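Visitor: Could you take me through a single part of this model, up close? I would like to look at the core and what surrounds it.

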Amino acid sequence: SGLFCNHTNAFWWDCQAEKRGVGQRCGGKGFEGSTECPDELVCLRKDEFWSDCQTKAAAEKAKKAAKAASKPLDVAGLNARFAQGKPGGDLASAGILIHQFHNGMDGDWKAWMPCPATCFGGPCWCHSFADRFSASLLNARLLDDKGRVGMYSTSNAGFIFAPQYMQTRCLYPADGGSESKSCKPGLQGCVPGCGSKWCAFNPAQPNNMDTSCAWSPKDLWRVLTLQETANSRYNEVVVDAQAVVDNLPHSIAAVFYVKGSPAAKEARRVHDDFLAAFGEEAKATLLLEMDTRSPQAPFRDVGAPVPTFEMRQAYEEHGGAAAPPARPTSLSAAAASTASMVGLLLVAAMPACAVAWASVLASGRRARASRAAFGALLDEDPNASQQSQVDG
């Protein structure tokens with residue numbers, strides 16, 4: 001009485017005294033019990049499906065964390081969140097939440113939208129699970145047996161979701177097969193993507209990896225601990241699709257692809273389409289390359305400005321290579337070649353000056369340096385191949 005089972009680490013649980021009522025459910029979708037908390041506790045909303053009783057200090061801490069998480073992160077902030085991620089009570093402190101595309105099977109609509117009723121001229125193959133996105137949490141503790149970042153696929157591009165806009169339905173410490181878990185109308189306790197069988201902690205089987213049942217969002221820390229203990233390659237987090245759509249473009253923090261994968265071109269296209277669709281509101285949405293072999297800082301910003309068609313044409317007309325060398329992958333690299341870029345912009349704008357400038361470029365070391373600097377700005381990944389979008 002008055003005790004609760006406290007998780008100390010992967011190998012130890014013990015009984016600890018706790019203020020009465022902490023953790024008691026007090027709200028959430030489908031909940032029909034009391035919304036009142038005992039003593040001086042307050043009902044803290046975790047997401048659409050779960051609210052529970054917490055001390056005022058814990059509730060205030062959670063609100064501050066949510067406010068901090070609402071600010072868009074740059075690549076350094078995302079890398080820090082990845083490196084510091086650990087089992088905890090909220091998505092932001094647990095690491096980076098990603099959603100990966102379906103490798104061309106879903107390229108008939110915008111990647112950030114749920115599966116439509118029809119695609120490719122007929123009924124869409126994924127419409128039965130259009131109400132949800134399958135996602136996965138990554139952090140520096142969740143590595144595969146070769147020390148690389150564990151994830152669903154190293155070939156598929158995807159999104160990094162902004163955790164503060166997510167509504168988590170359920171979780172699994174491995175692949176939960178959420179696409180197959182739909183609900184019949186009127187089935188009590190059933191949540192699409194999760195089913196009606198819910199996991200409960202059993203001290204006799206502390207490392208149970210059963211994915212036929214789903215874990216509640218309140219058990220996030222337990223799910224990540226299970227994954228870490230079992231060395232499972234990736235977890236599954238089922239999030240509500242409508243919450244993602246309702247909060248666009250802010251619900252998507254970045255588009256990413258894995259270094260060395262054929263998905264770079266697809267990621268750039270999706271990022272360009274996203275910026276075109278949402279304009280100024282989406283300016284903070286990053287384009288990132290992810291190196292799974294660099295588990296302390298896997299993300300690199302590759303969203304340097306892309307040259308216009310006129311700039312490319314001017315470059316090629318005046319001696320540039322048909323397939324220019326590597327494009328800079330950071331703003332600092334792009335800035336380093338600004339002088340050459342300005343000169344070549346004049347070429348595109350003023351034909352009369354173009355001839356004179358071309359003759360200057362034709363001479364010696366100065367010409368080679370100018371071409372190399374500007375050529376570095378124009379590259380698109382030559383190994384990229386077209387794919388397309390939505391979940392894994």
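Guide: **The core and its surroundings**

The largest nonpolar core holds 38 residues, and L97, L137, F159 and F161 have the most contacts inside it. A nonpolar core here is a set of buried Ala, Val, Leu, Ile, Met, Phe, Trp, Tyr and Cys residues joined through side-chain atoms within 4.5 Å. Buried means under 20% relative accessible area, exposed means over 50%, and partly exposed lies in between (1.4 Å probe, protein chains only).

At least two residues of this core come from each of these elements: helix 3 (91-94), strand 9 (132-138), strand 10, helix 4 (220-230), strand 12 (236-240), helix 5 (241-246), strand 13 and helix 6. Helices (H or I, at least four residues) and strands (E, at least two) are DSSP runs, numbered from the N terminus.

Before going on, a word on the source. This is a predicted model: local features need pLDDT of at least 70, side-chain atom pairs count only at pLDDT 80 or more, and totals for chains, interfaces and linings use all residues. Residues are numbered from 1 along each chain as its sequence is written, and side-chain values use heavy atoms, with hydrogens and water left out.

Now take F161. Leaving out residues up to four places away in sequence, F161 touches L97, H99, F133, A135, M166, V239, V244, S251, I252 and A253. Contact means heavy atoms within 4.5 Å. Apart from this core lies another, of 16 residues, among them I98, V149, M151 and L286. In soluble globular proteins, nonpolar side chains tend to be buried together.

Next comes helix 6. Helix 6 spans residues 264-278, which is 15 residues. From first C-alpha to last, helix 6 reaches 21 Å, close to the 21 Å expected at 1.5 Å a residue. That expected span is 1.5 Å times one less than the number of residues. Which residues of helix 6 are buried? They are A264, E266, A267, R268, V270, H271 and F274. An α-helix has 3.6 residues a turn, so residues three or four places apart point the same way. The cover over the buried residues of helix 6 includes strand 10 (158-161), strand 13 (252-258) and strand 14 (286-290). After helix 6 comes G279, with a positive phi near 60 degrees.

A cis peptide bond joins L248 and P249, with omega about 0 degrees. P249 sits in the loop between helix 5 and strand 13. N231 is in the loop between helix 4 and strand 12. N231 is not a glycine, yet its phi is positive, about 55 degrees. N231 is partly exposed, with a relative accessible area of 43%.

Now the charged pairs. The structure holds ten salt bridges. A salt bridge is a side-chain nitrogen of Lys or Arg within 4 Å of a carboxyl oxygen of Asp or Glu. Side chains of opposite charge can pair when their charged atoms come close.

D131 is partly exposed at 29% relative accessibility, whereas R132 is buried at 5%. A network of salt bridges links D131, R132, R169 and D240.

Another pair is E228 and R141, at 3.1 Å from N to O. E228 lies in helix 4 and R141 in the loop between strand 9 and strand 10, so the pair ties together parts that are 87 residues apart in sequence. E228 is partly exposed at 30% relative accessibility. R141 is partly exposed as well, at 43%.

K197 and D210 also meet, at 3.8 Å from N to O. K197 and D210 both lie in the loop between strand 11 (168-172) and helix 4, so this pair ties together parts that are 13 residues apart in sequence.

Finally, step back to the whole chain. The chain has eleven helices and 15 strands. Of its 392 residues, 44% are buried. Take the contacts between residues at least 6 apart in sequence: 68% of these join residues at least 24 apart.
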